[in-house]
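This briefing concerns the structure shown below. Please keep the model open while reading the points that follow.

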Amino acid sequence: MRTVLVTGLGGAGRTTIAAATALAAASSGRRALLLSPEPGDVLGAPLGRAPEERAPGLWAARIDAAVDFRAEFLAFQDRGAALLDLLGATRLAEEELTPLPGSEQFALLRAVARAADGSADGPYDVVVVDLPPLAQTVPLLALPEQLRRYLRRLLPPERQAARALRPVLAQLAGVPMPAEWLYETAARWDRELAAVEALIADPGTALRLVAEPGPTANDALDAARAGLALHGLRVEAVIANRILPAHSPDTWLAGLAAQQTKCLDEWYGAWGADGWGSGTDVHRVAHAGREVRGLDDLALLDVPEVVDLPEAPGALDADIADRRDEEGILVWSIRLPGATKEGLGLVRRGDELVLTVGPFRRILPLPSALRRCTVSGAALADGVLTLRFTPDPGLWPQRG
């Protein structure tokens, strides 16, 4: 199955491009599903919560954060009924519940996971997900890894081995021990998050950025580029949307077209030539001349074909060089295009490295060889962060 994650800048038409991508996949004979949190009628009629066939081979559904939140909260409340009764808590009814901040992100992740495992009337050949704006999407796609780390720290799996002792410990301590449902819930969450994390890193998953060329878009893409690299989110295509005709007798339109051309030249150089080591496609989609609505309008948009997606897994672009013979060090190089020294932060915590790049942060486990070293220096040049590690003599075998 192919998964196409579509994000971009606010107002650049990412929902329209996502819908056109799904329609193009269906038109090529593949079973396609479009998932979007937008209730709009980009396909000609508002999307419902259940997948509906809108064209031959094309299904579409709206991700409803409110419904998802209520279902998950009530299920969690039912599983914790014994503890809530012990505490004398009054349960909440469904009509009392309103979505909390962040529920939209979790609804999106769960929808992607369900589509991937075929539980949303699948299986599908192509699933196209209309994601939030780029600034929100980067932390959203990094969320499964972060939440799994929190779960492992707060409820370590190895503690579950002592289940048989909990009744005895509860009697000795005189207080109830963590309930079985808590560990079972944590394990279920971990499995769901692991499935989404695997899907994001899968070779069949592509990330497409939609932007309308211009100075503001250029700055926004540059700001997000380092965060994408930090989280190993490889961009398959930058879709330059609403491209104006290059030659127009109208001087105002000609000026806008010239501005777009200048911006596109920069994108070809920054992304297309060597975007992520294998090149990122910069694809032009012409301006429709009107608001795009309905299947006929969507079919006219020249979006990249899903069948042409490269088989390249997303991962942190890093490597280790052994320079012990020459300099007595090991060097860990991490590629972070767009990163600046002013926005860079490094903190080592045991066997982990807390790496901050602008507004983005990721906690990276150190490779095994580097755990036996001390950090002796760091430098950032040409979009590559170079970390110098000096082996700890007490932890490294003596070399003959």
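Arg-242 counts as partly exposed because its relative accessibility is 27%, where buried means under 20% relative accessible area, exposed means over 50%, and partly exposed lies in between (1.4 Å probe, protein chains only). The residue sits in strand S7, and its phi is near 60°, a positive value in a residue other than glycine. The model is predicted, so local features need pLDDT of at least 70 and side-chain atom pairs count only at pLDDT 80 or more, while totals for chains, interfaces and linings use all residues. Residues are numbered from 1 along each chain as its sequence is written, and side-chain values use heavy atoms, with hydrogens and water left out.

**Eight-stranded sheet**

- An open sheet of eight strands runs in the order S3-S4-S2-S5-S1-S6-S7-S8, with mixed pairing; strands (E, at least two residues) and helices (H or I, at least four) are DSSP runs numbered from the N terminus, and two strands pair if DSSP finds at least two bridges between them.
- Strand S3 (52–55) and strand S8 (281–286) are at the edges with a single partner strand each, so one side of each has no neighbour in the sheet.
- From one strand to the next, the twist averages 25°, taken between axes that are lines fitted to C-alpha atoms, for helices over the stretch in contact, with angles running from 0 to 180 degrees between N-to-C directions.
- Strand S2 (residues 32–36) and strand S5 (residues 126–133) run parallel and are joined by four bridges.
- Within this pair, Leu-33 stands opposite Val-127 in S5.

- Which of the residues of strand S6 (205–211) are buried? Seven of its seven residues are, and the strand is mostly covered.
- Thr-205, Leu-207, Leu-209 and Ala-211 point one way from S6, whereas Ala-206, Arg-208 and Val-210 point the other way, and all are buried.
- S6 pairs with S1 in the parallel sense over six bridges.
- S6 also pairs with strand S7 (residues 235–243), in the parallel sense over five bridges, and Ala-240 in S7 is the bridge partner of Ala-211.
- A right-handed β-α-β unit is made by S6, helix H8 (residues 215–230) and S7; right-handed means that, with the strands pointing away from the viewer, the path from the first strand over the helix to the second runs clockwise.

**Thr-7 in strand S1**

- Thr-7 is found in strand S1 and stands opposite Leu-209 in S6.
- Its relative accessible area is 0%, and Thr-7 is therefore buried.
- The C-alpha atoms of Thr-7 and Ala-211 are separated by 8.9 Å, although the two residues are 204 apart along the chain.

**Cavities**

- There are two cavities of 30 Å³ or more; a cavity is a set of points on a 1 Å grid over the protein atoms alone where a 1.4 Å probe fits but cannot get out, and lining residues have an atom within 4 Å of a point.
- The second largest cavity holds about 60 Å³ of space, where volume is the space filled by probe spheres set on the points, and grid points are joined across faces, edges and corners.
- Its lining includes Thr-3, Leu-5, Leu-108, Val-112, Leu-140, Val-196 and Thr-205.
- At least two lining residues come from each of strand S1 (2–8), helix H4 (103–116), helix H5 (134–154) and helix H7 (180–201).
- The lining of the second largest cavity has ten nonpolar, two polar and no charged residues, with Ala, Val, Leu, Ile, Met, Phe, Trp, Tyr, Cys and Pro counted as nonpolar, Asp, Glu, Lys and Arg as charged, and the others, Gly among them, as polar.

**Three-stranded sheet**

- Strands S11, S12 and S13 form an open sheet in the order S11-S12-S13, with antiparallel pairing.
- Strand S11 (344–349) and strand S13 (360–365) stand at the edges with a single partner strand each, so one side of each lacks a neighbour in the sheet.
- Neighbouring strands of this sheet are turned by 15° against each other on average, direction ignored.
- S11 and strand S12 (residues 352–357) run antiparallel and are joined by six bridges, with Leu-346 opposite Leu-355 in S12.

**Loop residues**

- Asp-382 lies in the loop between strand S14 (373–381) and strand S15 (384–391).
- Although Asp-382 is not a glycine, its phi is positive, at about 55°.
- Asp-382 is exposed, with a relative accessible area of 81%.
- Arg-372 is placed in the loop between S13 and S14 and is partly exposed, with a relative accessible area of 31%.
- Arg-372 and Gly-394 are 22 residues apart in sequence, and 8.7 Å separates them in space, C-alpha to C-alpha.

How values were computed: On a 1 Å grid over the protein atoms alone, a cavity is a set of points where a 1.4 Å probe fits but cannot get out, and a pocket is an open set with protein on both sides within 12 Å along at least five of seven lines; lining residues have an atom within 4 Å of a point.
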